[in-house]
Amino acid sequence: MFTNLLDAVHAAEARNVRLADVALEAEAKDQGRPIAEIRAALRRALEVMRGAIELGMVGDLKSNSGLVGGDAAKLRTGPAGPLAGTPFRDVLARALAVQEVNAAMGVIVAAPTAGGAGVLPAVLTGLALAKGIDDERLVDALATAGLIGAVVAERASLSGAEGGCQAETGAAAGMAAGAATEMLGGTPTQAYHAVALAQQGTLGLVCDPLGGLVELPCVFRNATASAIALAAIEMALAGITFAIPADEVIDTMGEIGRAMDVRYRETAGGGLAATPTGRRLARERLVQIKKS
Amino acid sequence: MVSLLDIIGPVMVGPSSSHTAGACRLGLLARGLVGGTPERARIELHGSFARTGEGHGTDKAIAGGLMGYRPDDERLRTALETAEADGLDYRFEKTSLDEETEVHPNTVRITVERGNRTSTMQGSSLGAGRILITNIDDYPVEVHGNHHTIVLVAEDVKGSIARIAGMLADNDINIATLRLTRKERGGDAFMVIEVDHEPPVEVRDAIRALEWVRWAYRLDKVSG
């Protein structure tokens with residue numbers, strides 16, 4: 001797999017193909033598996049993503065601790081805001097849905113991780129529905145997203161314990177932005193700028209879940225990271241470029257993650273987890289989990 | 001080398017790739033050390049596994065793994081309730097494994113018993129569902145679970161590796177990695193052989209039948 005996103009962009013544009021194509025070819029070569037088999041695995045991932053969205057939209061799920069759940073349904077059926085009826089609101093609902101399912105021990109696709117699993121399915125399936133994009137192109141988009149995530153894994157990190165939330169929902173936003181930009185007709189170079197535009201917007205984001213549980217703020221971070229991805233997609237498709245190359249933005253995420261105090265890396269020692277309310281809720285809910 | 005399918009995956013029961021999916025995989029490997037669902041299991045949770053494990057279903061995931069459930073199996077949610085019916089008697093403890101060496105925050109030591117066999121392993125969940133077994137029965141090992149793996153203890157006899165490698169080759173099984181450790185010169189040798197294809201049970205039985213092999217087990221590929 002590539003360790004440099006720009007190499008992948010050049011490889012694709014030299015042959016006038018998409019990032020999805022070079023990603024699938026590289027994976028087939030690395031793993032000694034036919035492309036058809038890789039596509040089949042991605043198709044299965046897409047089905048699981050859709051299943052989680054459907055389940056989460058119903059709104060009767062509660063997490064282990066009872067801290068989160070039911071909010072995706074509010075976006076679906078609750079009062080209208082300024083973005084009602086737009087793909088934007090639908091994408092937010094989908095992101096919450098997947099993450100509420102995750103918190104309730106439902107089945108999801110860790111993409112790239114379980115804590116950041118809402119962003120990619122929300123952005124890709126939400127925009128595919130709005131724009132009439134078929135499943136084979138969604139599978140292509142998952143391949144592109146996998147390529148971007150693999151580069152982030154190599155150059156920085158995909159673990160909140162190592163790099164904070166910028167390495168989980170932030171990486172997911174970069175993956176979703178690049179993949180969706182290509183899915184909607186953008187060039188590999190435009191997808192590259194979309195990755196940079198999304199990832200720059202999440203730099204420095206800490207991992208501070210209450211009680212160390214993948215619940216709060218994780219569920220909402222998936223929605224807000226999806227919003228950042230949508231902003232990046234809109235800008236990149238309009239021809240906006242970001243002067244710092246995506247690979248360097250990813251490196252910056254890694255650098256910030258390494259410098260981040262351990263309190264902000266999934267230990268519940270700082271951030272929202274350490275607020276008076278955060279501590280109280282975590283205490284109460286952990287007692288409840290033990291009783292259940 | 002990072003695989004695209006490691007990034008878009010695994011398909012898993014939430015909420016945490018490290019504390020749930022990785023924990024389940026550790027249980028699956030411990031199960032392999034006694035060749036099936038253990039009758040008894042003592043599970044010592046260390047670090048973040050001990051602190052936040054309950055909220056992440058780490059206990060359910062490890063018990064489910066011991067019962068043979070994979071990370072995407074929805075039965076993980078109720079594994080603690082169904083364990084008794086499955087013949088698994090489990091006990092969780094919180095511990096601090098920090099001794100001379102630094103231990104990964106997400107670490108567990110699992111002691112499993114089945115029939116007349118008992119085995120203890122220590123392993124860690126490294127993030128994104130990746131795992132590493134660092135110790136089996138006091139032998140230092142490195143098992144990632146991304147290959148089918150054969151583990152065995154043999155008397156330290158000359159030519160033992162060649163003999164076993166030959167048996168695998170005869171069955172068209174390619175060796176990916178092979179590690180040999182022993183606690184002292186002339187003492188028992190511990191072999192961890194990662195192979196590219198699932199070894200048939202007959203191959204395991206043939207290895208077990210060697211008079212200088214004390215025991216041998218196949219550990220399933222649990223990731224990758």
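How many bridges join strand 1 of chain A to strand 1 of chain B? In this predicted model, local features require pLDDT of at least 70 and side-chain atom pairs count only at pLDDT 80 or more, whereas totals for chains, interfaces and linings use all residues. Residues are numbered from 1 along each chain as its sequence is written, and chains are lettered from A and ligands numbered from 1 in the order in which they are written.

Strand 1 (residues 107–109) of chain A and strand 1 of chain B run antiparallel and are joined by three bridges; strands are DSSP runs of E of at least two residues and helices runs of H or I of at least four, numbered from the N terminus, and two strands pair if DSSP finds at least two bridges between them. Within this pairing, Ile108(A) has Met12(B) as its bridge partner.

The contact (C-beta atoms, placed from the backbone, within 7 Å) involves 46 residues from chain A and 31 residues from chain B. Helix 1 (4–7), strand 1 (11–13), helix 2 (17–32) and helix 3 (48–56) of chain B each give two or more residues to the side that touches chain A. The largest share of that side, six residues, is provided by helix 3 of chain B.

Chain B also holds an open sheet of four strands in the order 9-10-8-11, with antiparallel pairing. Strand 9 (175–182) and strand 11 (213–219) of chain B stand at the edges with a single partner strand each, so one side of each lacks a neighbour in the sheet. Strand 8 (residues 148–154) and strand 10 (residues 189–195) of chain B pair antiparallel over seven bridges, and Thr149(B) has Glu194(B) in strand 10 as its bridge partner.

Methods. Contact = placed C-beta atoms within 7 Å.
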